[in-house]
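This report describes selected elements of secondary structure and the contact between two chains. The sequence and the structure are shown first.

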Protein chains: 2
Amino acid sequence: MDQIKTKFINNPDDITRELLEGYVLAYPDQVALAAENIVVRKNPKSEDKVAIVTLGGSGHEPALSGFVGDGMLDCSVVGDVFAAPGAQRLFQALQIMKREAGILLVVLNHSGDVMSANMACQLAERAGIKVKKVLTYDDISAGIGAPMDDRRGLAGCVPLYKILGAAADEGKSLDELVEIAERYTANAATLAVAMRSCSHPQNNVTMTDLPDGIMEIGAGQHGEGGGGRKPLVSADETAAEMVDLLCRQLQPKEGSKMMLIINGVGATTHMELNIVFRKAYKELEARGLQVAYGRIQEILTVQEQAGFQMVMAILDDDHIDYLVNKASNAPYWTTIGK
Amino acid sequence: MDQIKTKFINNPDDITRELLEGYVLAYPDQVALAAENIVVRKNPKSEDKVAIVTLGGSGHEPALSGFVGDGMLDCSVVGDVFAAPGAQRLFQALQIMKREAGILLVVLNHSGDVMSANMACQLAERAGIKVKKVLTYDDISAGIGAPMDDRRGLAGCVPLYKILGAAADEGKSLDELVEIAERYTANAATLAVAMRSCSHPQNNVTMTDLPDGIMEIGAGQHGEGGGGRKPLVSADETAAEMVDLLCRQLQPKEGSKMMLIINGVGATTHMELNIVFRKAYKELEARGLQVAYGRIQEILTVQEQAGFQMVMAILDDDHIDYLVNKASNAPYWTTIGK
């Protein structure tokens, strides 16, 4: 294994533990470690409210743990770099979060995460823990209308954390939260584009082999190919093509209230993300759609990969209220609002 | 000029205009364009309070305009990529912001910005506009105890925006704000490290020529050399060396309340920033210092450069109160707080 000469790390085996340690030291009023790789709120909410829990590998910071906090996640269960946490760890978290009101587990559709979640939920049920799952599958790179199984969970989970966190705070029941989540996931879609690859921080292996001047629309969060390689075009052309594909998936009606997030995955600058947002906004406007909620941020990264994810959803009024008008102190959620 | 094949942009001449357009479309409840390259709050605060204004080139997003909003900046005047805005543009902004209470102009110590600020302030005084300047000069790469003239303004300006915005909201006078700011700048210091260069988005020129496996401590925000090139060491060694240099500059007394911000400048991952924060925190703790305010974020970037800035300050209690306890809705400021 090559020595890692391109990143500020220590022993590659310690990456996840050390980054979580740093994270909770930086934000001690908001988050804490309840156990190894289990991030929870510093001030837990009352037990008569449903807990929102998620899971996923590290290496995507600030996701997922960056969104633990009042008004968002109650708990994030972290795996090693790009690896799902094991079922035992997740079960441990469910035991910590156990409550009468129940637990809603948000699972991004990646096979490792799904497997751990299924197993942990079985263990939890046997232990008398009330838990339900909701799957996010926003990626559309497998094609318009592809079956849910073929659609990965990308950054579209993050606004869902906000919606569910706010709704749970309001006292919504577990079943009501499942309905709110499923109504969101059925109307959410994400498309990623990559332009320069990243390296895995534990072994220095390059995740994909994108040549200079080539972009790949539909690239996954871990080097998975999307099939859409072609020479790099302008920001406007890229944005227009992606909006078109997303709208073909979502089929919004004229006047629909849309969410539009440009999520930077690493090396692509905020400067570029702003320029892409501008064109995507205008494309939606030209279709008679209203951007009710916008955001330009690195919410879920893929190491130092260059590229971005365009996250879109048709929002109902309750979704907008939870997204916009309710505060959160999660360390990486900036408060929007009037 | 080579065609730009590595970034999502359109015509290189349109970068600044387009990114600002995208920005205000994404955050319409918080920010607006008052004129070309002049970003202001959507809801201006009352005129009996001092306005906080800053200026600087684009290409460093989310800085500086990302921190316009309730409780932070009133106005950001933007130049072209890595270029100061002209004095006329800045004077135009001062005219827009004119008020009895006065304007406090926060200027990062870079020759172009200082020149524009001096000239615009002269024009403003002739026009009967009440304005005072405060200079930020947190960079210590010129050496411990180097004269203020040799110290550039780095990301240390951003927490100052928060402090001043909150203090101005409270009704502090122009003179009181100058005192609060000077007490902060006298006790703030930043050190940057670069590991991989970036390219200028308008001409594709590489900003520095850092070989693989080499890092440069003290690198500036625009490719300026810092003199400290050496083979890359571990995150912990890098953090320890930087903390040592910053503490030699600041000379905090045991028990001092410190600000510690790890600012990612582009391609360096949030993962790494967390790991660096962890060690820096422990180094401060080992010196008997208390981290009263921490943050890990990309607040001021240098395109896709790899590296980070370690921003440190000895805080007084009023600074902490303004930083921690007062809310802001600026699009890139996450609300901390109990």
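In what sense do strand β2 and strand β4 of chain B pair, and over how many bridges?

## Sheet of chain B

In this predicted model, strand β2 (residues 38–41) and strand β4 (residues 75–81) of chain B are paired in the antiparallel sense, over three bridges. Within this pair, B:Val39 has B:Ser76 of β4(B) as its bridge partner.

Both strands belong to an open sheet of six strands in chain B, with the order β1-β2-β4-β3-β5-β6 and mixed pairing. The edges are formed by β1 (31–35) and β6 (131–136) of chain B; each has a single partner strand, so one side of each is left without a neighbour in the sheet. On average, and with direction ignored, neighbouring strands of this sheet are turned by 25° against each other.

Helix α3 (residues 111–126) of chain B lies across β3 (51–58), β5 (103–108) and β6 of that chain. Relative to β5(B), helix α3 of chain B runs at about 160°.

## Helices α6 and α7 of chain B

Helix α6 (residues 235–250) and helix α7 (residues 270–286) of chain B have axes that come within 8 Å and cross at roughly 50°. The two helices, α6(B) and α7(B), are therefore oblique to each other. The crossing in which α6(B) passes α7(B) is right-handed.

On the side of α6(B), the residues in contact are B:Ala235, B:Asp236, B:Thr238, B:Ala239, B:Ala240 and B:Val243. They meet B:Glu272, B:Ile275, B:Val276, B:Lys279, B:Ala280, B:Glu283 and B:Leu284 of α7(B). By class, this contact of α6(B) with α7(B) comprises eight nonpolar, one polar and four charged residues.

In chain A, strand β7 (residues 188–196) pairs with strand β8 (residues 214–217) in the antiparallel sense over two bridges. Here A:Val193 stands opposite A:Ile217 of β8(A).

Strand β8(A) is also joined to strand β9 (residues 228–231) of chain A, by four bridges, and these two strands run antiparallel. The bridge partner of A:Met215 in β9(A) is A:Lys230.

## Contact between chains A and B

The contact takes 57 residues from chain A and 57 residues from chain B. On the side of chain A that touches chain B, at least two residues each are supplied by α1 (15–26), α6 (235–250), α7 (270–286) and β11 (290–297) of chain A. The most is given by α7(A), with nine residues.

By class, the residues of this side of chain A divide into 24 nonpolar, 19 polar and 14 charged.

Methods: Residues are numbered from 1 along each chain as its sequence is written. Chains are lettered from A and ligands numbered from 1 in the order in which they are written. This is a predicted model: local features need pLDDT of at least 70, side-chain atom pairs count only at pLDDT 80 or more; totals for chains, interfaces and linings use all residues. Axes are lines fitted to C-alpha atoms, for helices over the stretch in contact, and angles run from 0 to 180 degrees between N-to-C directions. Angles under 35 degrees count as roughly parallel, over 145 as roughly antiparallel, 65 to 115 as roughly perpendicular and the rest as oblique. A crossing is left-handed if the near helix is turned anticlockwise from the far one by less than a right angle, and right-handed if clockwise. Two residues are in contact if their C-beta atoms, placed from the backbone, lie within 7 Å. Ala, Val, Leu, Ile, Met, Phe, Trp, Tyr, Cys and Pro count as nonpolar, Asp, Glu, Lys and Arg as charged, and the others, Gly among them, as polar. Two strands pair if DSSP finds at least two bridges between them.
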